[in-house]
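Hi,

Here is the structure I promised to pass on.

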Amino acid sequence: MPNKVPSKGTALLMEITSVYTAFPQISSLNIAGEKAETVDTTTLDGGAAKTKNNTGYVDNATISGECLYDPDDTVQIAFIAKVRAAGTNNFKVTYADATPTNEIYSGLGMGFDRTASPGDMLRGSFTIETTGAVT
Amino acid sequence: MKARLHLQQFCDISKVTPELQPLVQWVPGKNSSGHSVSVAVYPAGTVFEGPIALQLCRTGQAAPADDECAAALNLTQQEIDVLRVEYEMNALGINNKGDRDLYRAGVILGYNADLSYKPGPKWGEYQRAKQALEEAEL
């Protein structure tokens with residue numbers, strides 16, 4: 001029976017020297033874009049309905065989210081260093097289900113934007129493209 | 001230079017070096033396909049040596065376990081404790097400002113699956129104070 005699992009408790013962890021380290025102060029997390037790739041296989045002598053087939057490949061997800069930005073935070077500094085070095089890094093997402101589900105993504109193409117505006121805290125938004133299979 | 005982990009931490013097995021190999025343990029978990037899997041972890045209390053020890057102290061995951069690490073970190077015990085608590089909240093997904101204050105105060109330990117709070121050692125005291133305030137306002 002499906003359970004209602006809260007978003008609260010979901011965590012994004014970044015691998016630093018083999019230890020997965022929680023990314024701090026995340027206010028939203030979005031993992032989107034994972035999709036089986038298809039190709040249009042409609043032929044000139046086919047019926048009215050167009051046809052599609054799977055190519056056998058899967059588009060990878062992109063992880064994105066927002067956080068409170070702390071320029072002195074060690075993990076955010078490490079993330080920004082990875083952005084600037086155009087590096088790759090493993091990321092783990094853990095959910096708050098009964099036996100916590102773990103997803104490991106191989107991340108690359110990372111980005112980090114900062115926003116400072118009157119009446120708000122310093123905020124950051126991050127994107128992480130992924131490659132290969134989710135394990 | 002040595003540091004000791006405060007909490008159990010997940011391990012990226014693809015980055016484990018021969019020196020770290022003896023520290024790795026396995027716990028039951030589940031992957032994104034819903035299958036039971038063994039998940040690699042470093043247990044709470046694991047002692048790391050070398051530059052990684054200082055890195056773990058700076059993130060709040062560990063505390064210095066020798067004088068060399070403490071000197072390199074150059075933080076007071078209180079500052080180390082603040083880093084530890086901050087990291088614990090990040091790892092538990094406690095991001096709401098009010099909830100972070102409750103965690104710092106020992107009122108909550110985190111969340112249950114139904115979104116309710118896991119009571120901490122100060123839960124009863126906090127509830128009594130809250131109730132007294134409500135009664136005073138009536």
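Predicted model: local features only at pLDDT ≥ 70, side-chain atom pairs only at ≥ 80, totals over all residues.

Residues are numbered from 1 along each chain as its sequence is written, chains are lettered from A and ligands numbered from 1 in the order in which they are written, and side-chain values use heavy atoms, with hydrogens and water left out.

The core first. A nonpolar core is a set of buried Ala, Val, Leu, Ile, Met, Phe, Trp, Tyr and Cys residues joined through side-chain atoms within 4.5 Å; buried means under 20% relative accessible area, exposed over 50%, and partly exposed in between (1.4 Å probe, protein chains only). The largest one has 20 residues, and among those touching the most other members are A:F79 and A:F112. Helix 1 of chain A gives the largest share, four residues (helices are DSSP runs of H or I, at least four residues, and strands runs of E, at least two, numbered from the N terminus). Beyond four places in sequence, A:F112 touches residues including A:F23, A:F79 and A:F126. A second, separate core has 19 residues, B:V24 and B:I80 among them.

Next, A:E15, which sits in strand 1 of chain A. A:E15 is buried, at 6% relative accessible area. Its side chain makes a polar contact (N or O atoms within 3.5 Å, one able to donate a hydrogen and the other to accept it; residues adjacent in sequence count only if both atoms are side-chain atoms) with the side chain of B:K15, at 3.4 Å.

Two residues other than glycine have a positive phi: A:S18, at about 80°, and A:A86, near 50°. A:S18 is buried at 0%, whereas A:A86 is exposed at 69%.

Finally, the pockets (on a 1 Å grid over the protein atoms alone, open sets of points where a 1.4 Å probe fits, with protein on both sides within 12 Å along at least five of seven lines; lining residues have an atom within 4 Å of a point). The largest pocket is lined by 31 residues, with A:G9, A:T94, A:P100, B:A91 and B:L92 nearest its centre. Helix 3 of chain B gives the largest share of that lining, four residues. The second largest pocket has 20 lining residues, and strand 3 of chain A supplies six of them, the largest share.

Cheers

Key: Contact = heavy atoms within 4.5 Å.
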